[in-house]
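This report works through a predicted model. Please view the sequence and the structure first.

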Amino acid sequence: MFDYNFHWRPVLKSLPDLLEAGLTTLQVASLAMLLGILIGLCLAVGRLKGNGLWYWLSTIWIELARNTPALFQLFFFGFGLGALGIHFSPYMIVLAGLSFNTAGYLGENFRGGFQAIPDTQLKAARSLGMNLWQAYTRILVPQVFRIVYYPMTNQFVWVVLMSSLGMLVGYRELTGETQFFASKTYRIFEYFAVTAVIYYLMVKIILGLSKLFASRYFRY
Amino acid sequence: MEPTVKVFSSFTLQDLSFLGEAALRTLWISFLSISIGSFIGGIFGWILHETRMWGGVFINPVLDVFRSVPLIVQLVLFYNFAPIIGLNLDAFESGLVVLTLYTAALVANVARGGIEAVGKPMRMASRSLGMNYWQDMRYVVFPIGVRAVFPSWVGVALGVMKDSALVSVLGYVELVKASQVLITRTQEPLLIILVVGAFYFALSYPVSRYAAKIEKRWSS
């Protein structure tokens, strides 16, 4: 039954390349996360305080991002827009798709965070003589950040995992690189097994670091 | 007159029914994996709750692997692993196995949360009313726990429904795979991708709306 040889050699030989591709994954995921946070904030504010167009745009964005598969969103940016003559590189497809998706999910998270802070907090800050910017950056945002911190780290892990879809649009992040090596050598199982381990370690490291950060900054 | 050969034919109504069938296959694999996976996940959640040491040391890390490795890697890995242990699985069966385990891993924590949402005094009260352990589980913990975690379970189920798009990698003709087939033939990517997006949206949006409504009603 188990007469299968696990071929270590090809995998070990390309391990440096795989690890480097892992860094690419982290890179594109971080950038997508950053964009997602920025857009997500706009979406959350749009849902809460936006008027007319802003509100509807945020609502449509959030519903589309949350109710269709991430793969579909990537394909939309990849193949769909190609029909209109807008061509993205594989990197841009992954970045756009992941940011679109993440912004939608984070938008809802942020909205929940903002809604959890009572209005009176802002009023109190204003009546102490802070201007709006001070009231937001010193009173509201720190509280919201604490609420959305764990959902945000989870979302980052999701983005790292979702970036594996890059394989399907020809971007060579970790999974794409694995696919490349696997189809070159036909040792599909070996390569994907090692990639699974790399992903697992990456996720564990991310979660560990985020816990460290939380224990340091959310002590009180 | 020479008959002209038409390589690409345009999108027809028949293709719409082809996509409809594919949507049914998406639904079928999602339905199976969500129901079986939720059942297994419920059992895992119960074990996690009951046996802290065993759950923490043995079960949680295993479930963690399913949550920390991209689904696409899991799919390719299992598809290539099955022949090694002498299983002859087609794309549907491999996809089903992976999606089921993935669902189970996600549901396990949800289920544990549900059991723990039922307060200790409540459990003691039901036991002191003369219920045995299983009666307590069946008549007290289950109804209250399900109510507490229903929204997050719906979230998991919708997530799995959307993630089932990845089974297309193995060649199971669900919505995404069908859309790729049609795009290759018709060369009208935007139209088909929008139709497929509409299908997914139509599957997911009503459910998420309904769940949000229920959540609001139950929380008030």
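## Salt bridges overall

A salt bridge here is a side-chain nitrogen of Lys or Arg within 4 Å of a carboxyl oxygen of Asp or Glu. By that rule the structure holds nine salt bridges over all chains. Side chains of opposite charge can pair when their charged atoms come close. The pairs described below lie either inside one chain or across two chains.

## Chain A as a whole

Chain A is helical, with nine helices and zero strands. Along the sequence its pattern reads α-α-α-α-α-α-α-α-α. The C-alpha atoms fill a box of roughly 75 × 50 × 30 Å along the principal axes.

Chain A has 220 residues, and 46% of them are buried. Take the contacts in chain A between residues at least 6 apart in sequence: 74% of them join residues at least 24 apart.

## A charged network inside chain A

Which residue of chain A pairs with A:Arg47 in a salt bridge? The partner is A:Glu108, and the closest N and O atoms are 3.9 Å apart. That distance falls under the 4 Å limit, so the pair counts as a salt bridge.

A:Arg111 joins them in a network of salt bridges.

## The end of helix 8 in chain A

A:Thr185 is found in helix 8 of chain A, which covers residues 174-185. A:Thr185 has a relative accessible area of 30%, so this residue is partly exposed. A polar atom of the A:Thr185 side chain lies 2.9 Å from the backbone oxygen of A:Phe181.

For a sense of distance, compare A:Thr185 with A:Gly107. These residues are 78 apart in sequence, and their C-alpha atoms are 43 Å apart in space.

## The interface between the chains

How many residues does each chain bring to the contact? Chain B brings 35 residues and chain A brings 36 residues. About 3,100 Å² is buried between the two chains. Carbon and sulfur atoms give 78% of that area.

Polar links are present too. The rule finds five residue pairs in polar contact across the interface, both residues being at pLDDT 80 or more. On the chain B side, helix 2 (52-68), helix 3 (71-81), helix 7 (175-186) and helix 8 (189-219) each supply at least two residues. Helix 8 of chain B gives the most, with 12 residues. By type, the residues on this side of chain B divide into 24 nonpolar, seven polar and four charged.

## Salt bridges across the interface

The rule finds two salt bridges between chain B and chain A. One of them links A:Glu63 to B:Arg209, with the closest N and O atoms 3.5 Å apart.

B:Asp64 forms a salt bridge with A:Lys204, and there the closest N and O atoms are 2.1 Å apart. B:Asp64 lies in helix 2 of chain B and A:Lys204 in helix 9 (residues 188-217) of chain A, so this pair joins two chains. A:Lys204 counts as partly exposed because its relative accessibility is 32%.

## Inside chain B

B:Arg185 forms a salt bridge with B:Asp15, with the closest N and O atoms 2.8 Å apart. The pair links distant parts of the chain: B:Arg185 is in helix 7, B:Asp15 is in helix 1 (residues 13-50), and 170 residues separate them. B:Arg185 is partly exposed, at 29% relative accessibility. B:Asp15 is buried, at 7%.

B:Ser164 lies in the loop between helix 6 (133-163) and helix 7 of chain B. Why does B:Ser164 count as buried? Its relative accessible area is 0%, and buried means under 20%. Leaving aside neighbours within four places in sequence, B:Ser164 is in contact with B:Thr26, B:Ile29, B:Ser30, B:Leu99 and B:Glu174.

Terms used. Residues numbered from 1 in each chain as written. Chains lettered and ligands numbered in written order. Predicted model: local features only at pLDDT ≥ 70, side-chain atom pairs only at ≥ 80, totals over all residues. Heavy atoms only, no water. Contact = heavy atoms within 4.5 Å. Buried area = accessible area lost by both parts, 1.4 Å probe. Polar contact = N/O pair within 3.5 Å; in protein donor to acceptor, adjacent residues only side chain to side chain. Helix = DSSP H or I, 4+ residues; strand = E, 2+ residues; numbered from the N terminus. Nonpolar A, V, L, I, M, F, W, Y, C, P; charged D, E, K, R; others polar. Buried < 20%, exposed > 50% of the residue type's maximum accessible area, 1.4 Å probe, protein only.
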